[in-house]
Amino acid sequence: MTYAALTPETLPRRLGDLPALTERIGPPEGWKVAEVGDGNLNLVFIVTGERGQIIVKQALPYIRLVGDSWPLPLNRAFFEYHALMRQSSRDPGRVPQVFHFDEAQALIVMHYLSPHVILRKSIVRGVQHPHLATHMGRFLARNLFRGSALSLSGRVLREDMALFAANHALADISENLVFSDPYFDAKLNRHTPGLEPFIAPLRADRALRIAAQEAKHAFVSKTETMLHGDLHSGSLMVTPDDTQVIDPEFAIYGPFGFDVGMFMANLLLAYHAQSGHEASPGARDDYREWLLVQLTEVWRVFAAEFRHLWQTERSGILYERRVFEDVGDSLGAQAALIHVLKEIWRDALAFCGVEMHRRILGLAHVEDLESIPDPATRVLAEARALETGRIIATSRHALTLGDLPLLARDIERTVAR
Ligand code: ADP
Ligand code: SR1
Ligand code: MG
């Protein structure tokens, strides 16, 4: 069948003979279909049958957020499918199960996550998720380690790098939107009216522009591991007990620190957005602190799990045991690990800073800030987030984990109306 974008009306006719659906949810005569996509790029349908519900996600030949003036290849569904397959074997149970993939139709049929909600929406409501940092720290370490030359043979690694290198159209979006557009008056940029006095000095900061370009340099040239590529809080679905990672269509080989930094940035954006969501000043103080705990805990869990995998699964082509443990130098392997983690940390900080900026100055914003009803409160929250991002990116060589909560609290107190 040639590609055609599905609609709730055409879906039962076009997919009604697929056993992947009928065996799970029943015959198409009884299907109810709702399009629920709230992301920037694709169609997402919930299909309800007499025996259950299922998700059908389909790529469009353009960017949904912008329209058909910005074409985008359908093969992003192919990369999302392949990334989901790898993630499900590298950290089982943390991504939705895929039941069917149709390359020509650019569609993936997958498990319907319920009663899960998008983490970002839950954070806007001030809900705590006790296992978030543990689940995400492990997900990050397992995927980043197991998708890298620390774990894979040279052949497998290079074949996989070649496969995901073809996802350059999505990498191109990140290269422009994340690393460059925020730092000049790019065509697609937008910002909250009133934020101008904070934007001009940010863009005038040469050290920041260098930091952003160094981060872009790392993103493009450090093909260290398979990234999720878009790991913000809108790419996580949660319950009180569970965390599921969705939407890896931006998957590509890139630096270890990228997904870590993106996730941290979204926690910090949420932190600075709290003033726009609390019933009275200070009412969300406990929640602010919970967000900062997630920030430090996710790194702690990530580093601990990465260390564990380093000790137990280092079977790839890098830092081989035959040049450390096997010649009696276990300490050498530990020293090398410290260097690797330091570099991941420094890269993650740079990615964290630029992600904070692009979600305020670029095309794609975040609900945490966008949903703040009072314009002055929103400007202030955004100004604080811009400053936190600036210091994190420019001071990435000096900042420790313990510095981050201090910095965020300090900026929350001192950047005032
Ligand atoms: P996009 O690629 O356009 O960003 P997403 O994969 O983020 O699309 O999905 C858009 C929305 O569809 C999500 O915010 C979520 O509400 C819903 N969704 C996506 N996948 C699932 C799933 N497996 N189960 C339940 N809802 C889902
Ligand atoms: C034009 S796409 C904008 C953003 O949406 C995606 O989710 C990515 O974050 C991308 O940068
Ligand atoms: Mg999405």
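**Aromatic contacts and their setting**

Author: The charged end of arginine 24 is placed over the ring of phenylalanine 99, at 3.8 Å from the ring's centre; the criterion is that NZ of Lys or CZ of Arg lies within 6 Å of the ring centre and within 35 degrees of the ring normal. This is a predicted model, in which local features need pLDDT of at least 70 and side-chain atom pairs count only at pLDDT 80 or more, while totals for chains, interfaces and linings use all residues. Residues are numbered from 1 along each chain as its sequence is written, chains are lettered from A and ligands numbered from 1 in the order in which they are written, and side-chain values use heavy atoms, with hydrogens and water left out.

Searching the whole structure gives 16 aromatic pairs, where rings of Phe, Tyr and Trp (its six-membered ring) pair if their centres lie within 6.5 Å, and planes under 30 degrees apart count as stacked, over 60 as edge-to-face and the rest as tilted. One of these is the tilted pair of phenylalanine 179 and phenylalanine 219, with 5.3 Å from centre to centre and 40° between the planes. Phenylalanine 179 belongs to the loop between α7 (168-177) and α8 (196-204), whereas phenylalanine 219 is in helix α9 (residues 206-221), so the pair ties together parts that are 40 residues apart in sequence; helices (H or I, at least four residues) and strands (E, at least two) are DSSP runs, numbered from the N terminus. Both phenylalanine 179 and phenylalanine 219 are buried, a word that stands for under 20% relative accessible area, with exposed over 50% and partly exposed in between (1.4 Å probe, protein chains only).

Phenylalanine 179 also forms an edge-to-face pair with phenylalanine 351, at 6.1 Å centre to centre and 75° between the planes. This pair links distant parts of the chain, since phenylalanine 351 sits in helix α12 (residues 330-361), 172 residues apart from phenylalanine 179. Phenylalanine 179 counts as buried because its relative accessibility is 0%, and phenylalanine 351 is buried with a relative accessible area of 0%. Elsewhere, Phe145, Phe256, Trp299, Phe302, Phe306 and Trp345 make up one aromatic cluster.

Helix α12 also holds arginine 358, which is buried with a relative accessible area of 7%. Apart from neighbours within four places in sequence, arginine 358 is in contact (heavy atoms within 4.5 Å) with Leu177, Val178, Pro182, Asp230 and Ala364. In helix α14 (residues 375-394), 15 of the 20 residues are buried, and the helix is mostly covered.

Turning to the strands, β2 (residues 43-49) has six of its seven residues buried, so it is largely enclosed by the rest of the structure. Strand β1 (residues 32-35) pairs with β2 in the antiparallel sense over four bridges, where pairing requires that DSSP finds at least two bridges between two strands, and glutamate 35 stands opposite phenylalanine 45 in β2. β2 pairs in the antiparallel sense with strand β3 (residues 52-58) over seven bridges, a hairpin joins β2 to β3 through two residues, and isoleucine 54 in β3 is the bridge partner of valine 47. Valine 44, found in strand β2, touches Ala34, Glu35, Val36, Gly37, Ile55, Val56 and Lys57, when residues up to four places away in sequence are not counted.
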